[in-house]
Amino acid sequence: METIDKQHILNRIDVGTKRINDLYTLIEKWLSTTNNYRLVKSKSVVLKDNLLQNYGISKIQLPAADIYKNNTLLASLKPKGLWVIGANLRIDLISRSKLVFLRDESKDQEKPKWKIIHDKNRQEITTLSEKNFLKVLNRINK
Amino acid sequence: MNVIEELEIIYTEIDDSYASKEFEAHSKGYNIKENEFQNIRSINDHSYFLIAFTRLEDRIKTVTQNLIDSKLQNLNSWSYIRVWRIIKNRESRDRLSFLEYVELLTEKGQSDYNLIRDYYNDRNIVAHGNSLRSIDMATVFQDFKRLYNDLSF
């Protein structure tokens, strides 16, 4: 089991934040090839708890982002946390009618392996790619 | 449909519903409401993880009890029966730890044993209120459903 100390938390924040930002950069690039979708960084997801304060860390801020279609907010990307049971990282793609997960299935030191967990009973899993991500956005938009 | 599958359906309905409310609050700039819904989803994750784990735990204990009874009924040689009598005696007096039940069904150190052991450790962390732990319930339900159906003797 992982030992949690201040250095462990700080390292995890650095690695996790970089992975999330790298993913947003990739999605931003994919969306830039479309005429109507765009990604805009939004207010961070803030994690606070007593355990963090014991290590002198008041809060963790994880980058979040919004996806617009023709200037209308379509969906938001919100990280679930940095210590996720069942995944390395997870980002929720939330919208009015659908909830889709982006899940990093890599181990700590490996390169990210992002998958899409679709809303249909959460059983359909596909690799995160430009084509698959745009398909998801088109389904959300229906 | 087994109990883990039933729990998954109820959990998913609740999570979907609150995710939709979280998005509505976010789209209107209602930050406090958005945080509330995010927090409710996290509490829901923790609650269903603990409930689902207890159901898996029950299943593991039941299958192990069936294994012990089967061994006592079907083995003929005293040299084997004596070991199972001791196990039965310990089990009936609640002297077997959870991981010993698991070890009677799966090979220690192999993938299923390690998976259950890791979830057991996570369960202990979550049960003591470590809120740093987020849970990907899609993975948890996928693993628990497979284990619930596959564990046998």
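**Exercise 1. Find which backbone oxygen lies 2.9 Å from a polar atom of the side chain of B:Thr62, then describe the surroundings of B:Thr62 in this predicted model.**

*Step 1.* Start from the side chain of B:Thr62: one of its polar atoms is 2.9 Å from the backbone oxygen of B:Asp58.

*Step 2.* Now place the residue. B:Thr62 belongs to helix H2 of chain B.

*Step 3.* Decide how open B:Thr62 is. Buried means under 20% relative accessible area and exposed means over 50%. B:Thr62 has a relative accessibility of 40%, so it counts as partly exposed.

*Step 4.* Look further along the chain. B:Ser152 is 90 residues away from B:Thr62 in sequence, yet their C-alpha atoms are 9.9 Å apart in space.

**Exercise 2. Describe how helices H2 and H3 of chain B pack.**

*Step 1.* Recall what is needed: two packed helices are described by the angle between their axes and the distance between the axes.

*Step 2.* Read off both values. H2(B), residues 31-74, and H3(B), residues 78-92, pack at about 145 degrees, and their axes are 9 Å apart.

*Step 3.* List some partners. From H2(B), the residues in contact include B:Leu67, B:Ile68 and B:Leu72; from H3(B), they include B:Ile81, B:Trp84 and B:Ile87. Sorted by class, this contact has six nonpolar, one polar and five charged residues.

**Exercise 3. Check the span of helix H6 of chain B, and decide how enclosed it is.**

*Step 1.* Work out what to expect. H6(B) runs over residues 137-150, and at 1.5 Å a residue its 14 residues should span 20 Å.

*Step 2.* Compare with the model: the end C-alpha atoms of H6(B) are 19 Å apart, which agrees.

*Step 3.* Count the buried residues. Ten of the 14 are buried, so H6(B) is largely enclosed by the rest of the structure. Among them are B:Phe141, B:Phe144, B:Leu147 and B:Tyr148.

**Exercise 4. Is B:Ser134 buried or exposed, and which residues does it contact?**

*Step 1.* Locate B:Ser134: it sits in strand S1 of chain B, residues 133-135.

*Step 2.* Apply the cut-off. The relative accessible area of B:Ser134 is 11%, so this residue is buried.

*Step 3.* Leave aside neighbours within four places in sequence. B:Ser134 then contacts A:Lys80, A:Gly81, A:Trp83, A:Val84 and A:Ile85.

Conventions
Residues are numbered from 1 along each chain as its sequence is written. Chains are lettered from A and ligands numbered from 1 in the order in which they are written. This is a predicted model: local features need pLDDT of at least 70, side-chain atom pairs count only at pLDDT 80 or more; totals for chains, interfaces and linings use all residues. Side-chain values use heavy atoms; hydrogens and water are left out. Axes are lines fitted to C-alpha atoms, for helices over the stretch in contact, and angles run from 0 to 180 degrees between N-to-C directions. Helices (H or I, at least four residues) and strands (E, at least two) are DSSP runs, numbered from the N terminus. Contact means heavy atoms within 4.5 Å. Ala, Val, Leu, Ile, Met, Phe, Trp, Tyr, Cys and Pro count as nonpolar, Asp, Glu, Lys and Arg as charged, and the others, Gly among them, as polar. The expected span of a helix is 1.5 Å times one less than its number of residues. Buried means under 20% relative accessible area, exposed over 50%, partly exposed in between (1.4 Å probe, protein chains only). A polar contact is a pair of N or O atoms within 3.5 Å; within protein, one must be able to donate a hydrogen and the other to accept it, and residues adjacent in sequence count only if both atoms are side-chain atoms.
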